[in-house]
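Have a look at the fold first, then read on.

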Amino acid sequence: MNLVTLTGEPWADYGLVDSGHGRKLERYGDYRFIRPEPQAMWAPASENWDAHGEFMPASDDEGGGRWVFGHNGLDRPVPREGWPLAWNEAKFTAQTTPFRHLGFFPDMAPVWSWMREQTAGAEAPTVMNLFGYTGVGTLAMAASGAQMVHVDASKKSVEAAKGNAVLSGMADKPIRWIIDDAGKFVAREVRRGRRYDGILLDPPKYGRGPTGEVWQLEADLPGLIANCRQLLDADSRFLFLTVYAIRMSALAIGELLNQHFADLGGKIECGELAVREEARGLLLPTAIFARWSR
């Protein structure tokens, strides 16, 4: 099994400016933010960071915290309703959220590019984005000609994704917006005999479906992967799985895919997602992944 590092490079609307001492400084369009980053164990390139806002984590282990705005003299107001950013054709709203992120995950940019490469040359491939959140990955694929099925249990997230589609000029693209528990939806698709050319999964460690269904990654991921395998066939192109915020090995999820996808041939790879720092070019790891491709 190949071990791979997928590196997110800076682009016009996003960059990892600097990192160190358990924090990271990022630019999101015209605004700069400081967020906690336990894996940034090294010293930063600069000790003096100017930012428009900083996320201050709570003292407990529940993952909460609050934003403090106007750091080191940068007191330009940050729009609470958000501000527009873009990745290629996909336009979307960035926004400070109570969950410390800003409404999308910039380290997924190389994943979006990779998926587009896998479906290049296919005529209107059908791709499912599970746990699709605010839909940047959905729009990245829709812009390349894919027919998308976007699934998320949060009505608020799906509405934000629809808003991003309008912002991108893609409101008329063939996208099915599904508010549902990912596991239940995929199981129904299996019973319906559906097939897909590609599947993207970005599951949380823990979550709840729209009617209270409980999602626990370690317990529920194997069954979900098994059902996803049933939606792919000899003509399918890819499956990509990312895992954040949990003590789990890339080799473990790589072997999970290997057991379910060995009969399809193709290639299984696993490894880490990382973002390249602008100050020194070092790589900040952000998540683990496993993927199958034709």
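## Salt bridges

Let's start with charge: the structure holds 18 salt bridges, a salt bridge being a side-chain nitrogen of Lys or Arg within 4 Å of a carboxyl oxygen of Asp or Glu. Keep in mind that this is a predicted model, where local features need pLDDT of at least 70, side-chain atom pairs count only at pLDDT 80 or more, and totals for chains, interfaces and linings use all residues. Residues are numbered from 1 along each chain as its sequence is written, and side-chain values use heavy atoms, with hydrogens and water left out.

One of the pairs is Arg229 with Asp263, whose closest N and O atoms sit 2.4 Å apart. Arg229 belongs to helix α5 and Asp263 to the loop between α6 (250-261) and β16 (267-276), so this pair ties together parts 34 residues apart in sequence. Helices (H or I, at least four residues) and strands (E, at least two) are DSSP runs, numbered from the N terminus. Arg229 is buried at 12% relative accessible area, while Asp263 is exposed at 57%. Here buried means under 20% relative accessible area, exposed over 50%, and partly exposed in between (1.4 Å probe, protein chains only).

Then there's Glu213 with Lys184, at 3.2 Å between the closest N and O atoms. This pair links distant parts of the chain, with Glu213 in the loop between β13 (206-208) and β14 (214-216) and Lys184 in helix α4 (residues 182-192), 29 residues apart. Glu213 is buried, at 13%, and Lys184 is partly exposed, at 42%. Elsewhere, Asp18, Glu277 and Arg280 are linked in a salt-bridge network.

## Around the β7-β8 loop

Which residue does Arg116 pair with in a salt bridge? Its partner is Glu89, with the closest N and O atoms 3.1 Å apart. Arg116 lies in helix α1 (residues 109-119) and Glu89 in the loop between β7 and β8, so the pair joins parts 27 residues apart in sequence. Arg116 counts as buried at 19%; Glu89 is partly exposed at 35%.

Asn88 is in that loop too, between β7 (83-87) and β8 (90-94), and counts as exposed at 52%. The C-alpha atoms of Asn88 and Ala140 are 7.8 Å apart, though 52 residues separate them along the chain.

## The sheet and its helices

Eight strands make an open, mixed sheet in the order β1-β16-β17-β15-β12-β9-β10-β11; two strands pair if DSSP finds at least two bridges between them. β1 and β11 (175-179) are at the edges with a single partner strand each, so one side of each has no neighbour in the sheet. Neighbouring strands are turned by 20° against each other on average, direction ignored.

Inside the sheet, β12 (residues 198-201) and β15 (residues 238-243) pair in the parallel sense over four bridges, and Leu200 has Phe240 of β15 as its bridge partner. Helix α5 (residues 217-230) packs on the sheet, touching β9 (126-130), β12 and β15, and its direction makes about 175° with that of β15. Touching means contact, i.e. heavy atoms within 4.5 Å. Helix α3 (residues 155-167) lies across β10 (147-152) and β11, running at about 160° to β11. Axes are lines fitted to C-alpha atoms, for helices over the stretch in contact, and angles run from 0 to 180 degrees between N-to-C directions.
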